[in-house]
There are 2 protein chains.
Amino acid sequence: MRIALDAMGSDTNPEPELAAAVEAVKKYGDEIILIGPQEALRARLEGLPGGAQGIRLVDATDSITMQDKGLALALKAKRKGSKTSMAVAMDLVQNGQADAFLSAGNTGGVVVTAYYRLGMLPGVERPAVTGLFPVKGGACVVLDIGANPEVKPEHLLQFAIMGSVYASALLGIARPRVALLSNGEEPGKGNELVKHTYPLLQGSGLNFVGPVEAKEIYGGEADVVVTDGFSGNVFLKTSEAVGKMLIDILREELMGSMRTKIGALLAKPAFGRVRKILDPSEIGAAPLLGVNGLVFKAHGRSDSRAILNGIQTVRQAINADLLGKINLAISNQLHPQQETLDK
Amino acid sequence: MRIALDAMGSDTNPEPELAAAVEAVKKYGDEIILIGPQEALRARLEGLPGGAQGIRLVDATDSITMQDKGLALALKAKRKGSKTSMAVAMDLVQNGQADAFLSAGNTGGVVVTAYYRLGMLPGVERPAVTGLFPVKGGACVVLDIGANPEVKPEHLLQFAIMGSVYASALLGIARPRVALLSNGEEPGKGNELVKHTYPLLQGSGLNFVGPVEAKEIYGGEADVVVTDGFSGNVFLKTSEAVGKMLIDILREELMGSMRTKIGALLAKPAFGRVRKILDPSEIGAAPLLGVNGLVFKAHGRSDSRAILNGIQTVRQAINADLLGKINLAISNQLHPQQETLDK
């Protein structure tokens, strides 16, 4: 496997990426293609135990930062000969020199660069940023969590197909339960988008379990939840913010007196699972679905362990032929007679 | 003050309502008008210390339950002579026999009944369910959290004006910071609704601080946040679900070993503030804004303390003339020349 890794992605780049690359080569023996300013990276790599062995450096003199947005970002993403680490990496995926790309960088940058340089899979109109959320009894795939503030019902159907393939191929769920994010579980509830998407999902042949609210998502009642990128982003950001606030308050309160400090010390092992649930490095990375290539996004706050977990997820996706399976599922949806013949 | 209280609202009605009514009469000396099946309520009241003194019972033989929805609910809400506790109570508000109404019942029931029986304030097109969220350093008013899955930019402007008056009149904030829920803080972000609402809020004369995400809301960077009822509901439900999940996991883990159990016992005082933040009874009640009458909604899970807190909020709203102030603010917005003359 040849995995392209954006050296300029994470908030504290390139250290987490370099450490993870060295570790991944040791652990898996894969080729890691590190994309970034070649000379600077080489110098740093040589200072690490294990060094540049098994790592291929590909030069990218520019990068997309968290500040890039709008037209400037679109130009960096699209321009022929663009030297951002994302553009260089996607070109490697596009021309078959890399099997997949992983970045902890600007989500908008990943989406727009992938859209322009890899294009869309036939039958998919919009790329979807996917999130994997820790829920009761496992994990739930939620998409879109940020690429498309406005979508049409048929886009949500495409998201549902792709999310279902992802849950099945990477989480090992035979027949993923697909749900639709809504403001109530009754079919009459929801905005216009939800109401028009409902019949499409019902007739999709997917294991559609109906509309859900956050309670059902965190209760583990769905494996895949589709939504527009605006509401999906509200779901994501609210989850992060509430988790952080509660932990902050708890920490503050526990430090309030000697008694609670001692209690906290004794109770420390119990906080591990809560911290784990709120820790983005546990998930590692989640795919951008719909583009014609394997592209994964890790959290900006990723440390080297998070990037390494991300590389593991990317390896699973390559192994499982995620892209081929999505392609097939979408084309079966477009030409259902063929699916019937195959049976 | 004459406060109409829905005796059939909360999940465990009518006990919390009865206990709170008795307590409120003792504490404030107000008249509480309890709406529900008169005979049954009288019998129960007489069993309570303090009894029916200062409480006026008004008969309502029907009620709107959590199961009522759609057309059936609309008919119960609208029908002349409807005997649901909500309809009877709103009629009392409408004809001036009660100053305000408080219910812990079906939110849809409260919204639809208020819409049909009280009508809208001039210049307000949609009623907004308001939520008061505990955030860093205080509380944040978020609306709409559920009444309107689809709204127009001018509706959000009306919500902003009403929310601002509410924060100023009831939370004592001189010039409330008004924000717009979005999927990013940059002006270019957002869905079509957000993009079209942005200039309206900028030109509104309100203290508009721009788009916010959940992080900024919980970080205490806004006093009022406006959004459509779909996204607002996702924000509400996600907040509740994540809070509940984390507390459940923590409780489970703390009970995992003798060591953590002892730690939990010692650390117990520290959990108080976290529990308080997640406890709906702390907030008491929040208003349904935009209808021509003071209507407050308490959480379905309210206990008597929550209802009593709710009654306190309702008293503040009556004292502060919330309805009159909203009416004035909306009419100033409709006829801005008058506002200029007033200055």
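Predicted model: local features only at pLDDT ≥ 70, side-chain atom pairs only at ≥ 80, totals over all residues.
Begin by displaying chain A and chain B together. The same surface serves both copies, since 100% of the contact residues of chain B recur in chain A.

**The side of chain B that touches chain A.** Next, select the residues in contact between the chains: 48 come from chain B and 48 from chain A. On chain B, colour helix H8 (214-218), H9 and helix H10 (258-278), each of which supplies at least two residues to the side that touches chain A. Which helix gives the most to this side of chain B? H9(B) does, with 18 residues. Coloured by class, the side of chain B that touches chain A shows 23 nonpolar, 15 polar and 10 charged residues.

**H9 against H9.** Now select residues 229-254 in both chains, which form helix H9 of chain A and helix H9 of chain B. Their axes come within 8 Å and cross at roughly 35°, and H9(A) passes H9(B) in a right-handed crossing. Show the side chains of the contact: on H9(A) they include A:Phe230, A:Val234, A:Thr238 and A:Leu246, and on H9(B) they include B:Phe230, B:Val234, B:Thr238 and B:Leu246. The residues of this contact divide into 10 nonpolar, 8 polar and no charged.

**Two helices within chain B.** Move to helix H4 (residues 85-94) and helix H5 (residues 107-118) of chain B, whose axes come within 9 Å and cross at roughly 40°. H4(B) and H5(B) are therefore oblique to each other, and H4(B) passes H5(B) in a right-handed crossing. Select B:Met86, B:Ala87, B:Met90, B:Asp91, B:Val93 and B:Gln94 in H4(B); they meet B:Gly109, B:Val110, B:Thr113, B:Ala114, B:Arg117 and B:Leu118 in H5(B). By class, this contact has 7 nonpolar, 3 polar and 2 charged residues.

**Helix H6 of chain A.** Finally, select residues 153-171 of chain A, the 19 residues of helix H6. At 1.5 Å a residue, H6(A) should span 27 Å, and its end C-alpha atoms are 26 Å apart, which agrees.

Methods
Residues numbered from 1 in each chain as written. Chains lettered and ligands numbered in written order. Contact = placed C-beta atoms within 7 Å. Axes fitted to C-alpha atoms, helices over the stretch in contact; angles between N-to-C directions. Helix = DSSP H or I, 4+ residues; strand = E, 2+ residues; numbered from the N terminus. Parallel < 35°, antiparallel > 145°, perpendicular 65-115°, else oblique. Left-handed = near helix turned anticlockwise from the far one by under 90°. Nonpolar A, V, L, I, M, F, W, Y, C, P; charged D, E, K, R; others polar. Expected span 1.5 Å × (residues − 1).
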